[in-house]
Amino acid sequence: MSNKITQEELENYLWGSAVLLRNHIDAGMYKQYIFPLLFFKRLNDVYEEETKKAIEENGPEADAWEETHSFVLPADAHWDSIRNVSSNVGKAITAAFQKIEKANSDKLQGIFGDGTWTNKKRLPDRLLKDLIEHFSSKTLSIENCPEDELGRGYEYLIKQFADDSGHTAQEFYTNRTVVHLMTELLKPESGESIYDPTCGSAGMLISSIAYLKNNNKEWRNVSVYGQEINALTSAIARMNLFLHGINDFSIVNGDTLASPAFVERGKLKTFNLVLANPPYSISQWNRAAFESDKYGRNFLGVPPQGRADYAFFQHILKSMDPQNGRCAILFPHGVLFRNEESSMRQKLIESDLLECVIGLGKGLFYNSPMESCIVICRSKKEEGKKNKVLFINAFNEVSKEGVQNYLSDENINVIAEKYTNYDKDDEISRLVSADEIKANNYSLNISLYVQIDVAFGVSDDDRSLEENYREWKSVAMKARESYKLLNSMLEVQNGKVQI
C-alpha cells in the first residue's frame, strides 16, 4: 500500500501547523517559525530515506559514504534528537539549525532565519512540543511527497499566509496566476539563465521551471538567480527552490539598487530571462548614488526620489542578455503616464527596447483594488516589431472566486494569444508605431491606444460603494492625465490655449 501523501492531506497538514500558532503570534509571523520547521523535517526525512536506500543496495557501510547524501545532517541535529527534548526546546531547535547551517555552509548558510525560538513567552515549551509532534505525524520523504507535491503544498501555505495576514502578504507573495501569465509570455527555454532582482519567495523563478516541466523540456540545466532585501523572505526563497527540487540556484539577501549581487568584471551579470514585481513607488532609496551609478543603470535618466520604479526598470534592462534577453515586469499603471518620468519614457521608446504593454484588471492583489500592468522588453526585437509597441487591454480578462480575483487558464490563453499574434489589431489589442507614441508626448497610457471599458464587461454591478468609489477615482485620475497631455499638445501647437 502506498504511503504517498495526497495534496489535500498535505495542505491540511501544513495549515494545521499554523492553526497551532494562532492566539500566540501574529499571522504575519507564522512564516518565521513554520517554514524553518517544515524545512528541517524535510531535510531529516530525505536524509533518512537516502540512508535506507543506500544500505539496502550496498550494505551497512554505505551509511558512512559521503556520496550517499546530497547534504550533511549532523548526528546530534536529527529530528528525533529535538523531538526527545523535554525542556528548553527552543534552545535545542536553535542549536540544531546552527549545526546544519555550519555543516552545509555553501548552500544552507542562514537558511533557517533568525526567529526568536528561545522566547518562552511567545513560544513556550508546550507549544513547540505540539508543533514538533504535529510535523512528526507524517514522513516527508521524496517517495511519500515528491518535490513538486511538497513544493505545491509550500506554495499553498504561502498563499494561506497571504490571505490570513492581510497587507503584509505582498512583501513575499505575488498572485500566482499573474506570475503564470508572465512566464507564459516569456516562454523559458532549456539551458537559459533566469533572474528576479526582487524575488520575494522565488515564485517567479519556480513558475519558470514549472513551465519547462509542463512542456516536457529539460529543466535541470537552467540556472536561476534572485536577490531579496528581506532576510527572512530570502531564506524562504531558498527553502522554496530546494523543496521544488531545484539545485542550481543562487539567492542573495541584499538591496538590489544599492548593492546588486550579480556582477562580473565590474559590470552587471546579464540573463536570458528576467521576471520581476519590484516594490511599488518606494521613496526610501539612495537617489544621489543612482545619479552616478557605476553600472550605468541611469541610461534613461534618474527617477524622482518619491518613486524608484524606473530605477528598478533600468536595472532590469541592464540585466538582460544583449543578444537574446527579455523581461516581463509587473508595475503599477502610473509608470505608463506620470509626468515626472516622461523624459525616461521618451528614451525608452527611442532605445526600442519596449515590446508590449498589457493592462491587467482590478483586484488581482490581496487587499488592494490597484490595477497593474505588465511591461515586456527585449534586447533585440524581431524585424517586424522594431519601432513598434503592442498595447493589450486585458482589463476584462479577470475571473472571480469569492472576494478574490484571479486569471483563469482561459484568461491567460486569451492574453498570451494577443501577444503571440503581434500584428493583428482587434478590439483589445493594437500595434502602435513609435511615431504615434511620440505624438502623444511618449505617454504609454493604454487608453490612448486601445479602448478601455470601465464597465468591467458586466451588466449587473454587484460591487460595494467603496469599490465603485475606487473605480471612479481611478478613471478620474486617468482622465486628468489625459487632459494634461492634451493641454500640453495644444500649447505646443497653438500657444497657451487651455480647455
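These legends walk you through several close-up views of a predicted model.

Residues are numbered from 1 along each chain as its sequence is written. Because the model is predicted, local features need pLDDT of at least 70 and side-chain atom pairs count only at pLDDT 80 or more, while totals for chains, interfaces and linings use all residues, and side-chain values rest on heavy atoms, without hydrogens or water.

**View 1. Confidence along the chain, and a stretch to read with care.** The average pLDDT (the predictor's confidence in each residue, from 0 to 100) is 87 for the chain. A score of at least 70 is reached by 87% of the residues. Over residues 454–464 the pLDDT stays under 50. For that stretch the model has 11 contacts beyond four places in sequence, a contact being heavy atoms within 4.5 Å.

**View 2. Two nonpolar cores.** A nonpolar core is a set of buried Ala, Val, Leu, Ile, Met, Phe, Trp, Tyr and Cys residues joined through side-chain atoms within 4.5 Å. Here, buried means under 20% relative accessible area, exposed means over 50%, and partly exposed is in between (1.4 Å probe, protein chains only). The largest core has 54 residues, and L21, Y30, F39 and I93 have the most contacts inside it. Elements giving two or more residues to this core include helix 1 (7–21), helix 2 (30–58), helix 4 (89–103) and helix 10 (231–243); helices (H or I, at least four residues) and strands (E, at least two) are DSSP runs, numbered from the N terminus. Helix 2 provides the largest share of this core, with 11 residues. Another core, of 42 residues, lies apart from it and has L181, L212, L390 and A394 among its members.

View 3. Helix 4 has 15 residues and reaches 21 Å from its first C-alpha to its last, close to the 21 Å expected at 1.5 Å a residue (the expected span is 1.5 Å times one less than the number of residues). Its buried residues are V89, G90, A92, I93, A96, F97, I100 and E101. They sit on the same side of helix 4, because they cover an arc of only 165° around the axis, taken from the directions from the helix axis to the C-beta atoms. What covers these buried residues includes helix 2, helix 3, helix 5 (105–108) and helix 6. On the face turned away from the buried side, look for the exposed residues K91, Q98 and K102.

View 4. Helix 8 is largely enclosed by the rest of the structure, because nine of its 11 residues are buried. The buried residues are R176, T177, V178, V179, L181, M182, T183, L185 and L186. T183 has a relative accessibility of 2%. Leaving aside neighbours within four places in sequence, T183 is in contact with P188, S207, S208, Y211 and L275. K187 follows helix 8 and has a positive phi, near 50°.

**View 5. K217 and its partners in a loop.** You will find K217 in the loop between helix 9 (203–214) and strand 2 (223–228). K217 is partly exposed, with a relative accessible area of 29%. Not counting residues up to four places away in sequence, K217 touches P188, E189, S190 and L212. The side chains of K217 and E189 are joined by a polar contact of 3.2 Å; such a contact is a pair of N or O atoms within 3.5 Å, and within protein one must be able to donate a hydrogen and the other to accept it, with residues adjacent in sequence counting only if both atoms are side-chain atoms. From C-alpha to C-alpha, K217 and G191 are 10.0 Å apart in space, although 26 residues separate them in sequence.

View 6. Most residues other than glycine have a negative phi. D352, in the loop between helix 13 (342–351) and strand 8 (354–360), has a positive phi near 60°. D352 is buried, with a relative accessible area of 18%. A polar atom of the D352 side chain lies 3.0 Å from the backbone nitrogen of N387. A202, in the loop between strand 1 (193–196) and helix 9, has a positive phi near 75°. A202 is buried, at 0% relative accessible area.
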